[in-house]
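Let's take a look at salt bridges in a protein model. Have the sequence and the 3D view ready as you read.

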Amino acid sequence: MNEPSARSVDVLVVGAGPAGLAAATRLAARGAGRVLVLDREQQPGGVPRHCEQRGFGPPGRWWTGPEYAARAAEAAVGAGAELSCGTTALGWAGPTTLDTTGPQGPERITARTVVLATGARERPRSARLVPGTRPAGVLTTGELQQTVHLYGQQAGRRAVVVGAEPVAYVALDALRRAGTETVAMVTGLPRSQAHAARAQWARLVGRVPLLTGAEVVEVLGRPRLTGLRLRRHDGRGAVLACDTVVFTGDFTPDQVLARQGGIALDAGTRGPAVDAAFRTSHPGVFAVGSVLHAAESARVAAHEGALAARSVLCHLTGPGRWPTAGATVRVEPPLRWIAPNRLTAGAPTACTFLLRTDRFLARPLLRVSQDGRTLHCERLHRTAVPGRPVPLSGTWTAQVDQEGGAVRVEVD
Ligand SMILES: Cc1cc2nc3c(=O)[nH]c(=O)nc-3n(C[C@H](O)[C@H](O)[C@H](O)COP(=O)(O)OP(=O)(O)OC[C@H]3O[C@@H](n4cnc5c(N)ncnc54)[C@H](O)[C@@H]3O)c2cc1C
């Protein structure tokens with residue numbers, strides 16, 4: 001095998017999606033030195049590259065995903081960052097040194113700081129443990145979009161979409177554009193997770209029925225899918241005839257690189273645990289975007305990239321003590337996860353936490369406590385919806401005892 005060539009940069013950003021590109025743009029523009037962004041795909045932009053719908057960028061503009069991706073990449077290069085596509089970060093050769101492979105062959109890149117922006121992936125049918133045959137026609141939303149938008153291929157004639165969160169409706173759009181009839185959407189929840197107007201449009205104008213309280217218990221057919229066996233929560237069963245099924249919306253952070261580097265992961269998000277300055281447990285390594293919390297909007301990911309740039313610059317200009325200790329933040333069911341999820345001295349206190357819930361909660365009262373002491377109570381003035389962000393202000397973080405037990409966030 002060839003010896004890897006070696007080079008050094010000031011900042012190495014892994015992942016050229018909205019989060020990584022926004023971090024690189026801000027860092028290069030603010031004089032962080034040599035900023036290099038890697039992406040294993042041939043084109044920069046991350047997930048938006050294959051999202052043809054309008055829904056990206058600042059409200060009121062609503063660019064298509066490819067438009068958004070192109071603008072973000074142009075901004076990064078315009079600010080002076082270097083992009084290296086078709087290049088995969090394979091593993092760690094030192095605390096802030098990564099081994100990569102790309103068009104130029106293997107390379108060992110040492111950076112003063114590393115920003116992990118590796119995004120999230122949708123859990124496929126196998127990870128969801130849906131039994132049955134292994135036919136063609138079983139996709140995730142990402143696979144559907146790549147099939148239809150990137151490669152211009154057929155997606156079948158009759159599809160079922162499993163899930164009813166915003167990304168499931170993106171799948172509906174992709175199927176419609178591909179000329180595929182969607183025979184039903186199926187969700188185990190009691191109602192749609194999308195905004196009411198979106199859900200109503202799909203049902204009334206798109207004529208797509210939403211089957212609630214139902215789960216897919218078997219995939220049927222071979223070599224092509226012929227149907228899905230469903231079980232309703234009231235015990236009734238049914239078979240839906242279809243040649244395509246799209247499993248949507250069950251995202252998990254792409255934390256392979258973080259895990260390989262021994263970076264502490266959060267049990268809730270399953271991504272790297274970070275504080276409000278996006279510092280991981282590993283000195284010099286930051287993380288931003290969907291790798292922290294799968295999956296918010298591109299706007300949230302890019303905003304985090306830009307915010308993290310400030311912390312990265314501070315670290316480059318005056319590297320102080322990297323906080324390894326601090327209290328953790330945990331949620332109680334039905335809350336699923338919270339981010340950031342580490343509280344450290346010196347992190348910004350004016351932060352907003354993002355939470356997810358597993359159940360619909362009408363105007364929930366969120367209570368934050370540590371060792372039995374209530375730090376903060378906040379009522380949400382709307383229904384918390386599974387699969388959609390629930391914000392919690394961070395005004396209470398200054399009251400946390402860094403030596404104390406875990407901070408708990410629960411629904412009262
Ligand atoms: C189907 C779908 C529709 C969506 N629709 C919208 C929408 O309408 N509006 C909106 O605002 N948001 C939307 N989103 C969410 C949005 O796409 C994400 O929030 C955003 O892409 C997250 O950005 P990111 O940079 O964190 O990750 P990503 O966009 O996932 O980018 C991560 C990048 O890291 C690269 N990478 C990973 N590991 C490595 C490695 N080891 N080496 C090199 N490169 C690596 C990947 O190739 C990828 O390009 C949608 C998401 C999906 C899945």
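Predicted model: local features only at pLDDT ≥ 70, side-chain atom pairs only at ≥ 80, totals over all residues.

A residue is buried under 20% relative accessible area, exposed over 50%, and partly exposed in between (1.4 Å probe, protein chains only). Residues are numbered from 1 along each chain as its sequence is written, and side-chain values use heavy atoms, with hydrogens and water left out.

**The overall count**
- There are 21 salt bridges in the structure (a salt bridge is a side-chain nitrogen of Lys or Arg within 4 Å of a carboxyl oxygen of Asp or Glu).

**Arg34 and Glu82**
- These two form a salt bridge, with 3.4 Å between the closest N and O atoms.
- Arg34 sits in the loop between helix H1 (18–29) and strand S2 (35–39), and Glu82 in strand S5 (residues 82–85), so the pair ties together parts 48 residues apart in sequence. (Helices, H or I with at least four residues, and strands, E with at least two, are DSSP runs numbered from the N terminus.)
- Arg34 is partly exposed too, at 38% relative accessibility.

**Arg198 and Asp173**
- Here the closest N and O atoms of the salt bridge are 2.9 Å apart.
- Arg198 belongs to helix H5 (residues 196–205) and Asp173 to helix H4 (residues 166–177), so this pair links parts 25 residues apart in sequence.
- Asp173 is buried at 13% relative accessibility, while Arg198 is partly exposed at 29%.
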